[in-house]
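The sequence and the structure are shown first.

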Amino acid sequence: MSTVSSAQHDEFFKSKVLGHPAGLFVLFFTEMWERFSFYGMRVLLINFLTMAIVGVDFPGWGWSAENAGALFGTYAGLLYLTPIVGGIIADKLIGYRWAVVVGALIMTLGHAAMAIETEFMLYLGLGFLVLGTGFFKPNITSIISEMYKYLPEKKDGAYTIFYMGVNAGAFFGMLLCGYLAERLGWSWGFGLAGIFMLLGTLQFWLSKPLFGKVGGVPEKGKEIEISEEEKKDYKANPFTLIDKVLIVASSIIGFLYLINDPVSKIGSMDLLPEKFFVDLSFGGEPISGSIGYALVGLLLFLVLVIGRISRYSKVVRDRMIAVVIFAFFTVIFFLCFEQAASSLVLFARDSVDRELTGAGALTFNIINALLTIIPLGIITWVLILLWKQTHKKILGANIVLMICFLGIWGLVLWMLFREFSGGDVEITVSWFSILNSFFIIAFASFFSKWWESKYNPSAALKYGIGLVLVGLGFGLLAFGSYDLAEGVKVSMVWLILAYLFHTLGELCLSPVGLSYVSKLVPARMIALMFGMWYLAIAIGNKIAASLGGMVDQIKEDYSLSTFFLIFTIVPIAAGLLVAVLNPLLKKLMHGVK
């Protein structure tokens, strides 16, 4: 990337907000509006696709859960693969800042397309969102990394603040987009997501004077800086012709599988052969051609990874094996955790008692008002601090942010007035999804202090705790829905507690994963291993949506409790297994903590 001198860096740090450069908070708000848009759309999609065509105020498309899950799973999987390409383009060609702007504009077009509510525009919109995320997601965090190049000790604090922006955006996006969609119509929810994506892009673009050379167009011929320890352990390992063939083959097969799954289910058209070239079965059931070829693609990728890892020196090789093991358990975690976007949305809509009357309705409205106004007030205070520091230098960006917040305050007050004056309350389906972000904000500092204390668990134990907690959350749902009669709905308490346990599990595992990749993998190999890490998350998301799409079938053949029991047993067993592997993983990590 562009070279930022120490003097320029010091100049950049002169305008501070809460002890950090004002530019961090520009990124905070940029990410907040992007997450507002992303999660605002995400919480609507499965609900919209599967909502009944008749008999409801705002009909959806009446798709089966299986078809909706296939489409959403492919969308979610691609979201974690395109950032690999977007990061390379930014590194080599256009720089981080331009990549963020390009990505944000493409995503704005995606949200606008989805607001039209036709099938073609839905697919077009999702395609734009996938492409835009590929540019946006990896590069806004890269700007933070470059900003703190000469102050690494403050980087953890910077990422903590940034993470709060992520969760604030997710919270308000799901709350407001979900509310508008369920109370006024789907296009209102999809449209609102696009509006704030556009405004967030504009405020970032107008903040250019604040960044100087940070995140600028890369300089040609600049070498990756590596430490003396990395030089000692590093062994040249250029990509061979076989490596390149394996990369191309596994990428093509994987991409075809992701696209073929929804195309074959929704459009009845197979891009891959219907039958595998040999007969395979699992549990007595024949494996389809698309699953067979996907397994071949995964096998080719594993051959690539194993081949490259085996050619490194022992310390590097062992550490990369540890990353591969963590990636496997990451897949298991996300295939359970990401039920929040599919089966838990359907569960909240169809099986949870969301109607409150009298004192219960008033209590909920008061709690909802406090949940909304207090964090919005805190973020508005941060905005005022940013205005004081930067309004002379980036007045236009500050004005755009003020317009955004006036809009948010207006929507929040309108929503609360409407609910308080309405008497009885039917809680929106999307409201439950905000609990994840709320619990993250509430408990993040506790976990941060835990990790800094003498009781800080090892990476494997953190993984084990996270997996067990997400399993316990589903165990509560399995218990709450046990022997549920047709037409009877469960108390919302079970779903609220499940989101609490899932979030605690996420705080144990999700932030830890990428941190250990960066610690365990030398700089010259980071691209391949980050790519593999995002692949693990993509696989987890795809499997999650596919399994979530089976909820109706499993409910009909067995019970809803059986469906949740699957997601209880699998992660708890995986959590115990990774805890047992703790001594082996410590040995493989060679002192990395």
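The text below treats the overall fold and then the aromatic rings.

**Overall fold**

The structure is a predicted model. The protein chain contains 21 helices and 6 strands. Its radius of gyration is 24 Å, close to the 25 Å given by the globule rule for 593 residues, so the protein chain is as compact as a globular protein of that length. The C-alpha trace of the protein chain spans about 70 × 65 × 50 Å along its principal axes.

Of the 593 residues, 53% count as buried. Among contacts between residues at least 6 apart in sequence, 82% join residues that are at least 24 apart. The accessible surface of the protein chain comes to about 26000 Å², and carbon and sulfur atoms account for 68% of that surface.

**Aromatic pairs**

The count of aromatic pairs in the model comes to 35. Two of these pairs, Phe-48 with Trp-61 and Phe-333 with Phe-337, are set out in the table.

| Pair | Distance between ring centres | Angle between planes | Arrangement |
|---|---|---|---|
| Phe-48 and Trp-61 | 4.9 Å | 55° | tilted |
| Phe-333 and Phe-337 | 5.3 Å | 15° | stacked |

The planes of Phe-48 and Trp-61 stand at 55°, so the pair is tilted; an angle under 30 degrees would count as stacked and one over 60 as edge-to-face. This pair links distant parts of the chain, 13 residues apart: Phe-48 belongs to helix α2 (residues 22-50), whereas Trp-61 lies in the loop between α2 and α3 (65-79). Phe-48 has a relative accessibility of 1% and therefore counts as buried.

The stacked pair of Phe-333 and Phe-337 is placed otherwise in the chain. Both residues lie in helix α11 (residues 314-337), where they are 4 residues apart, about one turn of the helix. Phe-333 is buried because its relative accessible area is 0%, and Phe-337 is buried because its relative accessible area is 9%; the cut-off for a buried residue is under 20%.

**Aromatic cluster and a charge over a ring**

Aromatic residues also gather in a group: Phe-25, Phe-28, Phe-29, Trp-33, Phe-36, Phe-196 and Phe-405 form one aromatic cluster.

Lys-208 lies over the face of Trp-205, at 3.9 Å from the ring centre.

Definitions and conventions
Residues numbered from 1 in each chain as written. Predicted model: local features only at pLDDT ≥ 70, side-chain atom pairs only at ≥ 80, totals over all residues. Heavy atoms only, no water. Phe/Tyr/Trp six-rings, centres within 6.5 Å; stacked < 30°, edge-to-face > 60°. Helix = DSSP H or I, 4+ residues; strand = E, 2+ residues; numbered from the N terminus. Buried < 20%, exposed > 50% of the residue type's maximum accessible area, 1.4 Å probe, protein only. Lys NZ or Arg CZ within 6 Å of the ring centre and 35° of its normal. Rg over C-alpha atoms; globule rule 2.2 N^0.38 Å. Contact = heavy atoms within 4.5 Å. Areas by Shrake-Rupley, 256 points an atom, 1.4 Å probe, with all protein chains shown as cover.
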